[in-house]
Amino acid sequence: MNEGVMTKTSAVAVFNGRRVLVWGAIALFMVCMPLIFKQSFALSMLSQMGIAIIFALSYNMLLGQTGLLSFGHAVYYGLAAFICAHTLNTMAAGKFNIPVTLLPLVGGVSGLIFGILLGYVTTRRAGTPFAMISLGIAELVAASALMFPAFFGGEGGIATNRQIGQAWHGLSYGPQIQVYYLIAGWCFICMIAMYALTQTPLGRIANAVRDNPERARFVGYDPTRVRYLMLCLAAFFAGVAGALGTINYEIVTAENVGVTASGNVLIMAFIGGVGYFFGPVIGAVLVTFLQSALSSYTQAWLLYFGLFFVIMVMFAPGGIASLVMVHAPAWRERLMMRLLPSYALSGLALLVMFGGGVALVEMIYHVETGADKAFRLFGVPLDATQATTWILATLIFVVGGVLFSLSLRPVRSAWNDINAELLKRSAQ
C-alpha cells in the first residue's frame, strides 16, 4: 500500500516538474524573442500576438471549455478598451493617477462588470439561442457606438497617450520594447491563470456542462450558473486584452466592439483548436502573423486567409492542435521517422500546387484591379498580359494537385504501418 502511495506521489511530482519546465520555457521564449527580432515591425507584431493570445484564450473559455459559441465576445474586449482609453485621458488631465503597468487590471475589472451585466441575459440559454443573443448584443453595442459619441468618440474613436505622468520605475512605455514586455508579462500571467482555472472544480464542471448539461444538473450543478460564471471570467480576461490593446495602439474605435473583431477571435480559436488549451495560442500567433505578413506582401491577403480557414474546417476541424496531438503517440514511441519521407513528398507536391495557385490569384487580382500587370512573385517575373504565363501557372497548379493526390497514398500506408506498430506495442 505504501509503495503504491509513493509511486503515485512520485508521478505527481514528475508531472508538476514537467509543467514548471514548460512554463519556464515559455517565459524564457517571451523574454528572448525581442532580443532575436529587433526590428520595429517584429516588436509590433509580437505585441499584437500577445494581446491576441489573451483574447483567444478568453474566448476558448466559452467555446472550448463551456461549449458556448459566442458571436459577440469582442464586446467585453472593446468596452474595456474604451474604459481604459478614458482612464488614460483622465489621468492626463491630472484628476487621478495609477501606474500604466496596472491599467490592464482596470480593463479586467471593466470587462468583468460588463460580463456580469450582459452575461446574465446571454447565458439564460445555451446552443444556438446563446449564439444569436450574443450576436444581437454585439450589434446593439456596435450601433450604440454612433449613438453615444461622448463615450465611443464617434467614427474617429478615442485617442489617448500611454506616456502620461512620470515614468514608473523608469518605464515610460514610449519605446515599443517596453510595451512588448508589458504585454508579454500580462500575457504570461493570464495564461497561467486561465490554465489553472481549467484544473479547478469550476473548470471541470464547465467541461461537464459542455458535454452533457442534463447529467450535470442531475448531480446537483446548475448549468446556467456555471455558464454565467465562466462568461464573467472570460469577460475579465478579454478586458485585460482590451486594456493592453489600448496601450499598444493608443486609439480605440467602434471596430473593437464590432462583429468583425468577434469573428476574428473565433477564427483564431477554431484554427488553433478549441479542444486543447494551447490550441488558441497557436491560432492567435498564426492568424496575427498572417494578417501582418500577408497584408504587407499582397492586397489579396483576405482571399488567402479565407481559403486557409475553409481548408482547416474541411480537412482539420479539430484545428492545428489536433494535428499535433495525433502525432503524439508516434513521437513518444520514436516512430516519426517513418512518416517523414511520405510527408516530405506530399509537402513538396503541395508546395508546387500552392505556387501555381498563388500565381493565378495574383494575376487575376492585377488584371481586375488595373494594377501593374507585369510584376514579380517569389522573385519570378510574371506578365498577366501573356497567355503563356496563364497556361504555365495553370499547368503548375494542376500538376501539383495531381501529385499531391498521388502522394496521399504513401502517407496513408505509413500511418497504417505506424498504427499497427502502436497496437502491437500496447498489447505487449
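Glu250 is partly exposed, with a relative accessible area of 23%; buried denotes under 20% relative accessible area, exposed over 50%, and partly exposed the range in between, computed with a 1.4 Å probe on protein chains only. Glu250 lies in the loop between α10 and β2 (251-252), where helices (H or I, at least four residues) and strands (E, at least two) are DSSP runs numbered from the N terminus. Although Glu250 is not a glycine, its phi is positive, at about 60°.

Phe378 also has a positive phi, near 55°, in a residue other than glycine. Phe378 belongs to the loop between β3 (374-377) and β4 (380-383). With a relative accessible area of 62%, Phe378 is exposed.

## Basis of the model

The model is predicted: local features need pLDDT of at least 70, side-chain atom pairs count only at pLDDT 80 or more, and totals for chains, interfaces and linings use all residues. Residues are numbered from 1 along each chain as its sequence is written, and side-chain values use heavy atoms, with hydrogens and water left out.

Two packed helices are described by the angle between their axes and the distance between the axes. Here axes are lines fitted to C-alpha atoms, for helices over the stretch in contact, and angles run from 0 to 180 degrees between N-to-C directions.

Helix α3 (residues 74-92) packs against α10 at an angle of about 45°, with the axes 7 Å apart. That angle makes α3 oblique to α10; under 35 degrees counts as roughly parallel, over 145 as roughly antiparallel, 65 to 115 as roughly perpendicular, and the rest as oblique. The crossing of α3 past α10 is right-handed; a crossing is right-handed if the near helix is turned clockwise from the far one by less than a right angle, and left-handed if anticlockwise. On the α3 side, the contact (heavy atoms within 4.5 Å) is made by Tyr76, Tyr77, Ala80, Ala81, Cys84, Ala85 and Leu88. The α10 side contributes Leu231, Ala235, Ala238, Gly239, Ala241, Gly242, Ala243, Gly245 and Thr246. By class, this contact has twelve nonpolar, four polar and no charged residues; Ala, Val, Leu, Ile, Met, Phe, Trp, Tyr, Cys and Pro count as nonpolar, Asp, Glu, Lys and Arg as charged, and the others, Gly among them, as polar.

## Packing of α8 on α10

Helix α8 (residues 201-211) and helix α10 (residues 223-249) pack at an angle of about 120°, and their axes are 10 Å apart. At that angle α8 is oblique to α10. The crossing of α8 past α10 is left-handed. Leu202, Ile205, Ala206 and Val209 of α8 meet Pro223, Val226, Arg227, Leu229, Met230 and Leu233 of α10. The contact of α8 with α10 comprises nine nonpolar residues, no polar residues and one charged residue.

Gly203, Ile205, Ala206, Asn207 and Val209 are the buried residues of α8. The elements covering them include α2, α7, α9 (213-218) and α10.

## Nonpolar cores

A nonpolar core is a set of buried Ala, Val, Leu, Ile, Met, Phe, Trp, Tyr and Cys residues joined through side-chain atoms within 4.5 Å. The largest such core has 75 residues, of which Met191, Met194 and Leu244 touch the most other members. Helix α2 (residues 40-66) supplies the largest share of this core, 14 residues. Leaving out residues up to four places away in sequence, Met191 touches Trp23, Ile26, Met30, Ile53, Leu57, Phe277 and Val281. A second, separate core of 13 residues includes Ala81, Phe82, Phe152 and Val252.

## Individual buried residues

Leu197, in helix α7 (residues 176-198), counts as buried at 13% relative accessibility. Beyond its neighbours within four places in sequence, Leu197 is in contact with Met61, Leu202, Gly203, Met230 and Leu233. Leu197 and Trp415 are 218 residues apart in sequence and 36 Å apart in space, C-alpha to C-alpha.

Cys232 lies in helix α10 and is buried, with a relative accessible area of 7%. Not counting residues up to four places away in sequence, Cys232 touches Leu112, Gly115 and Ile116. Cys232 is 156 residues from Tyr76 in sequence and 9.7 Å from Tyr76 in space, C-alpha to C-alpha. Ser134 is placed in helix α5 (residues 127-147) and is buried, with a relative accessible area of 6%. Apart from residues up to four places away in sequence, Ser134 touches Leu69, Ser70, Phe71 and Gly72.
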